[in-house]
Amino acid sequence: MEKTIVKIDNLVKRYGDLIALDHFSLEIKEGEVFGLLGPNGSGKTTAINCLLSLLSFDKGSIKIFGREMTPVNYDIKKEIGVIMQNVAVFEELTVYENIDYFCGLYISDKAERKRCVEEAITFTGLEDFLKFRPKKLSGGLLRRLNIACGIAHKPKLIILDEPTVAVDPQSRNKILEGIIDLNKKGTTVIYTSHYMEEVEQICSHIAIIDKGKKIAEGTKDELKRMIKNTETINIEVLALTSDILAEISALPHVYNTEYDERRLIVYCSGGRHNLIRVLDLLQKKDIGFGRVWSELPTLNDVFLEVTGKALRDKED
Amino acid sequence: MQVFKTFMKVLRRKLLPTLVYISLFIAISAAMTKYAAYENFTEVKLNICIFDEDATPESGQLAEFIGENHNIIPPVSDRDMLIDRLYYEDIDFAFIIKKGYSEKLAAGETDGLFESLDVHKSYSSSLMEQFLNEYITAVNSYKAGGAPLDEAIAMAREALSEKTEVSIAADENDHGYSMDFSEYFTYMPYILLSVMVSTLSPVLMSMNRKDIRSRTNCSSIKNTSYTVEIFLGSIIFVITVWLIFFITGIFLCGGLYQGRAWTAVLNSFIFAIISAAIAILLSLFDISINALNLINQMISLGMSFFCGIFVRQSLLGEGVLRAARFLPAYWYIKANDMLCGRELYSASQVTVCLLIEAAFAAAIIMPALLIRKIKRSGTAEM
C-alpha cells in the first residue's frame, strides 16, 4: 500500500468574510506528482501556504509524513523543498551563493552542502552562470535558479507553485524534465499551475480547486471521464443544410453541433465509432468533405467544464 | 550562522556609501582639526594710511611710531578711491594729522588733533583710535610730569612699545575636551545617520524581503535564530562604524580621550544606536532604494540644520530650537556644547541629554517592533 505523504483534512481558512479554503481535504501518496489546479483566486497558493505553515488556518489539520505540521516542526520542514511562485533569491548574491545560502538553511555540514549545491547546479544546468548575479539572468535561468535553491538539500517532498510562469518553451521543457527526473528518484511532488498541458504531461494525480473547495480529483483519465464531452469531431464541409445538420444532431451520442459555413463541429458524449457514423451520413447525403479530425477531451476541457468559462481576475 | 554570513555578504556589496561617507568625513575632520588648532599668538599688523597736514617733526614721530607696528600705506589722493579701499578693507584705518598738531600737543590740548576717515566702525578703527588716545594721553602725562615735549614723546613711545606677553590658555587642560576637537563630534550625527540609513536599511530590506522570509520560514532554521543572526550582523556593523570614528578621534585628538571627551564618546555611541534604530524603522517600509535615499537626505540634512549640527544652536531662532527639541540630534548637540564649554557645563544636564537620547532610541524601536508585528499578522507564529 502506498504511503500517504500529505494529508490535509477539512481545512478552513478565512480572510475576514472571505473564505479562502472551505473544508478543503487532500491526500497525496508517496512518489506521486500531484497537480493542484485552479483558476486565479481559487485558493491554490493559500492551500500551499497553509501546508507550509506560512499561514495560520482556522480549522482542520495538516499532516506531512504522518506528523502534524506546525510552524515549529523543523524535522518536517527539513524534508520539504519549496519553489515559490515569485523568484525568491538575493539580488546581491551570485548564483552559487544563493544556492549555497538556501541549502545552508538545511545542511550545516560544509562538505555535504558543497556536494549538494554542485549537484543542484548540474541538475538545473547553471554551471556557466555561477558568478552571475540574478539581475544578469534571463527569465528562464532565474526560474532554474529558483528551482536549484529549492531542491539543493534533496528534500523528500517538493512543492512547486507555478514554477514556469513567464518562461520560454525551451526553459519550460528543461524544468518539466527536471521535475520528472526528481520524481523518478523517489521525490514526491506537488505542482500547481495554470498550464493544463504541463499538468497533463507530468502529473499522475490531479485535484481541481475552485472557490476554496476541491471540485474534482483523480488521474487524468478519471478526470476526463467526469465530463460530458468525450470526443469532438471536426469536418471541413461546404453547403451543409439545416436539415442535414439536424440529422447529424440526432445521431446517437451526439449532444451538440456547430456549423460556420466551412467547418462542422460535432460534440459527442460517450459511445464508440462516432466519427464513422457522421461520415457515413454525409456520404449517404452525397455531401463532399475535406479534412476530418477527431479530438479527445483534454485537461483544459475538464478544467473549463468544472470551473466554468467565466473570467477570473482575482489574484490567487 | 548561515544567515549571519549572508548578512555580511549582502552588507559587503552595499558598503560603498558607507566608505564614501566615512572617508569624506575623516578627510574633512582631519583638515579642520589641523587648520583650526593654533598654538602661538601672532600679532596682526594693520594697513594704516596717514595724511600728515601738520608735517612737523612731532607729527613725523607719530607716523614713524605707528609704522613700527603697522604697515603704512602711501596717502591716496583720490578721496573716492580711498573710501573704496577702506570699504573693501584694503586699508584698515585712515586718518589725518591735522594742521597745528604739534602746537596743540605742546599746549597739552587733546581735542582736534586727528580726523578719522573710516567708512564704517570696525574693530581696526576702534583699535587705532584707542591707540592715538593712549599716545596723546601718555605724552601729556610725561609733559605734566615736567618733561619737555621731545622727551615726553620719546618716553611715551617707549612706554607704549611694551609688548604684552600673550599665551593661549588651552581649554582642554580644564576638562579634556576642547572646542576645536568638539567640532569632530558636532558633525558626527549627520554622518552616522547617513551611513546607517544608506547602508544598514538596504541590507535589512534585502534580508527581510517578503519572499525571502517566506522561503526561509519554510526551512528548518528557527525564526528566532534568523532574527538573532540579523540583529548580530546589524550590531557588528553599527559598532564597527562607531569604532572607526572612535579611533579616528584618538588620532585627531592626538592621544587617548580624557575627561569630558569620554562623555562625548558616549554621546556619539548613543547617537549611533539612534541612527541604527531609524535605519531599522525605515527598512520596514516597502520603499524603493531611491525613495530611501531621498528620505535619508531629508532626515539627516533636516536634523543637521534644525538641531545645530551645521549651524550653531546659539545662532538658531527660538522657534526653531523649540521644534528641534523633538529631535534627538538637538539633545546630542546640546550635550556636546556643554561638554566643550560652548554652553555652561552641568553634569546633571548632560546626563539628562544622554537619557533623552536613549529614550528617543527606545521610542523609535517601539513603532518598528509594532510595524513588524503588524506585517507578520496572519502568518503562522514561528
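Helices and strands are DSSP runs, helices (H or I) of at least four residues and strands (E) of at least two, numbered from the N terminus. The legends below refer to a predicted model.

**Figure 1. Overall make-up of chain A.** The secondary structure of chain A comprises 11 helices and 14 strands. Its C-alpha trace extends over about 80 × 45 × 40 Å along the principal axes. Chain A has 316 residues, of which 38% count as buried. Where contacts in chain A link residues at least 6 apart in sequence, 68% of them join residues at least 24 apart.

**Figure 2. The two domains of chain A.** Domain 1 of chain A covers residues 4-224, and domain 2 of chain A covers residues 231-296. A distance of 44 Å separates the C-alpha centres of domain 1 and domain 2 of chain A.

**Figure 3. The six-stranded sheet of chain A.** Six strands of chain A form an open sheet with mixed pairing, in the order β6-β7-β8-β3-β9-β10. At the edges stand β6 (80-83) and β10 of chain A, each of which pairs on one side only. From one strand to the next, the twist averages 15 degrees. Strands of a sheet pair through backbone hydrogen bonds, in either the parallel or the antiparallel sense.

**Figure 4. Parallel pairing of β7 and β8 in chain A, with the helices that pack on the sheet.** Five bridges connect strand β7 (residues 157-161) of chain A with strand β8 (residues 188-193) of chain A, and the two strands are parallel. Within this pair, Asp161(A) is placed opposite Thr192(A) of β8(A). Helix α6 (residues 169-184) of chain A packs on the sheet and touches β3 (33-37), β7 and β8 of chain A. The direction of α6 of chain A makes about 155 degrees with that of β8(A). Helix α5 (residues 139-151) of chain A lies across β6 and β7 of chain A, and runs at about 165 degrees to β6(A).

**Figure 5. The hairpin of β9 and β10 in chain A.** Strand β9 (residues 205-210) and strand β10 (residues 213-218) of chain A run antiparallel and are joined by five bridges. Ile208(A) has Ala216(A) of β10(A) as its bridge partner. Two residues lie between the strands of this hairpin, in which Lys211(A) adopts a positive phi near 50 degrees.

**Figure 6. Overall make-up of chain B.** Chain B contains 17 helices and four strands. Its radius of gyration is 32 Å, whereas the globule rule gives 21 Å for 382 residues, so chain B is more spread out than a compact globule. Along the principal axes, the C-alpha trace of chain B spans about 105 × 45 × 35 Å. Of the 382 residues in chain B, 34% count as buried. Among the contacts of chain B between residues at least 6 apart in sequence, 73% join residues at least 24 apart.

**Figure 7. The four-stranded sheet of chain B.** The open sheet of chain B has four strands in the order β2-β1-β3-β4, and their pairing is mixed. Strand β3 (residues 93-97) of chain B pairs with β4(B) in the antiparallel sense over three bridges. Ile97(B) has Phe114(B) in β4(B) as its bridge partner. Helix α3 (residues 57-69) of chain B lies across β1 (47-52), β2 and β3 of chain B, at about 175 degrees to β1(B).

Figure 8. Ile83(B) belongs to helix α4 (residues 79-87) of chain B. The residue Ile83(B) is partly exposed because 16 other C-beta atoms lie within 10 Å, a count between the limits of 12 or fewer for exposed and 20 or more for buried. Along the chain, Ile83(B) and Asp118(B) are 35 residues apart, while 7.8 Å separates their C-alpha atoms.

**Figure 9. The contact between chain A and chain B.** Chain B contributes 23 residues to the contact and chain A contributes 24 residues. On the side of chain B that touches chain A, α1 (2-12) and α11 (210-217) of chain B each supply at least two residues. The largest share of that side, six residues, comes from α11(B). By class, the residues of the side of chain B that touches chain A comprise six nonpolar, 10 polar and seven charged.

Technical notes:
Residues numbered from 1 in each chain as written. Chains lettered and ligands numbered in written order. Predicted model: local features only at pLDDT ≥ 70, side-chain atom pairs only at ≥ 80, totals over all residues. Pairing = 2+ DSSP bridges. Axes fitted to C-alpha atoms, helices over the stretch in contact; angles between N-to-C directions. Contact = placed C-beta atoms within 7 Å. Nonpolar A, V, L, I, M, F, W, Y, C, P; charged D, E, K, R; others polar. Domains from an automatic or database assignment. Rg over C-alpha atoms; globule rule 2.2 N^0.38 Å.
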